[in-house]
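Work through the exercises below with the structure open beside you. Try each task before you read its solution.

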Amino acid sequence: MARRFLFVLGSSRRGGNTELLARRAAEQLPGDVEQRWIHLTEHPLPDFEDRRHADGDIDGDGPRPEHENITLLRDATLAATDLVIASPLYWYSVSAQTKRYLDHWAAWLRIPGVDFRATMAGRTLWGVTALATEAEVAEPLIGTLNNTAAYMGMRFGGVLLGNGDKPGEVLNDTEALARAKTFFAGEAPPARFPGRD
C-alpha cells in the first residue's frame, strides 16, 4: 500500500511552532508520498457525547447525526497509512481540539460497517509538538498518543519534540530540526502499553 500521510493540526493558530516543525519533517518525505493537512480549528468538531448505554442501548451508542467535519476527519483518518498528530503542548498534554478529535474515535469504533479499529490496526501514529519548557513535561502527551496507538493495534513512531514559545522560535532549535530530517524514516515498532511486552 502506498503511504498516505494525514497531518492533523491541533494548534489554535495557523503557522505555529508545532506546525512549522511538522512541515520541516514532512519536507523529508519522498515526493510520491501523499500528504494531507487538516487544521482542526478550520474544521471544528462538536463536543463528543458518549451515548453508550443511553436509553437501554447497551452494545452501541445509537444513531447519531452526521456532522460534516466529523465525516471529513473520519474518512481522512481511515484513508491514512500514517497519521501525524501535531499538537502543541497545552497543560502538559494535547490541545483541546486534538483531544476532541481523539474522543470521536470512541464513536467511530461503534459505527456498523466502518471497522475503524481493524482498519487502523498496523498503521502508524506519529506525534509532533512544540513546548516552551523541559522535554520531560511532555510525557503525558507522549503517553496519550502511545496508548491510543496501542489500544488501536497501531505502530507508534514516537513524538518529535521542539522547543519554541514565540512564533517561529522552534526554527532556532537546531537539535529538533536535525531530528526532523529523519523522523519519518524507517519503520515504527508496534505500540505497547507501558509495562507490557
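**Exercises on a predicted model**

E3 and E4 pair in the parallel sense, over five bridges. The model is a predicted one.

**Exercise 1.** Find the order of the strands in the open sheet, and name the edge strands.

Solution. Step 1: Begin with the pair E3 and E4, which is joined by five bridges. Within this pair, alanine 86 stands opposite valine 128 in E4.

Step 1: Go to the other neighbour of E3. Strand E1 (residues 4-9) pairs with strand E3 (residues 82-86) in the parallel sense, again over five bridges. Here leucine 9 is opposite alanine 86 in E3.

Step 2: Go on from E4 to E5. These two strands run parallel and are joined by seven bridges. Leucine 125 has phenylalanine 156 in E5 as its bridge partner.

Step 3: The open sheet has five strands in the order E2-E1-E3-E4-E5, with parallel pairing. Its edge strands are E2 (34-39) and E5 (155-163), each of which pairs on one side only. From one strand to the next, the twist averages 15°.

**Exercise 2.** Why is E4 largely enclosed by the rest of the structure?

Solution. Step 1: Recall that in a regular strand the side chains alternate between the two faces of the sheet.

Step 1: Check each face of E4. On one side Thr124, Trp126, Val128 and Ala130 are buried, and on the other Leu125, Gly127, Thr129 and Leu131 are buried.

Step 2: Count the residues. Eight of the eight residues of E4 are buried, so E4 is largely enclosed by the rest of the structure.

**Exercise 3.** Are tryptophan 91 and tyrosine 92 buried, partly exposed or exposed?

Solution. Step 1: Locate both residues. Tryptophan 91 is in the loop between E3 and H3, and tyrosine 92 lies in the loop between E3 and helix H3 (96-108).

Step 1: Apply the cut-off: exposed means over 50% relative accessible area. Tryptophan 91, at 78%, is therefore exposed. Tyrosine 92, at 45%, is partly exposed.

Step 2: Tyr90, Trp91 and Tyr92 make a nonpolar patch of about 420 Å².

How values were computed:
Residues are numbered from 1 along each chain as its sequence is written. This is a predicted model: local features need pLDDT of at least 70, side-chain atom pairs count only at pLDDT 80 or more; totals for chains, interfaces and linings use all residues. Side-chain values use heavy atoms; hydrogens and water are left out. Two strands pair if DSSP finds at least two bridges between them. Helices (H or I, at least four residues) and strands (E, at least two) are DSSP runs, numbered from the N terminus. Axes are lines fitted to C-alpha atoms, for helices over the stretch in contact, and angles run from 0 to 180 degrees between N-to-C directions. Patches are made of residues with over 30% relative accessible area and no salt bridge: like charges are joined within 9 Å, nonpolar side chains (Val, Leu, Ile, Met, Phe, Trp, Tyr) within 5 Å. Accessible areas come from the Shrake-Rupley method with a 1.4 Å probe; for residues, only the protein chains shown count as cover. A salt bridge is a side-chain nitrogen of Lys or Arg within 4 Å of a carboxyl oxygen of Asp or Glu. Buried means under 20% relative accessible area, exposed over 50%, partly exposed in between (1.4 Å probe, protein chains only).
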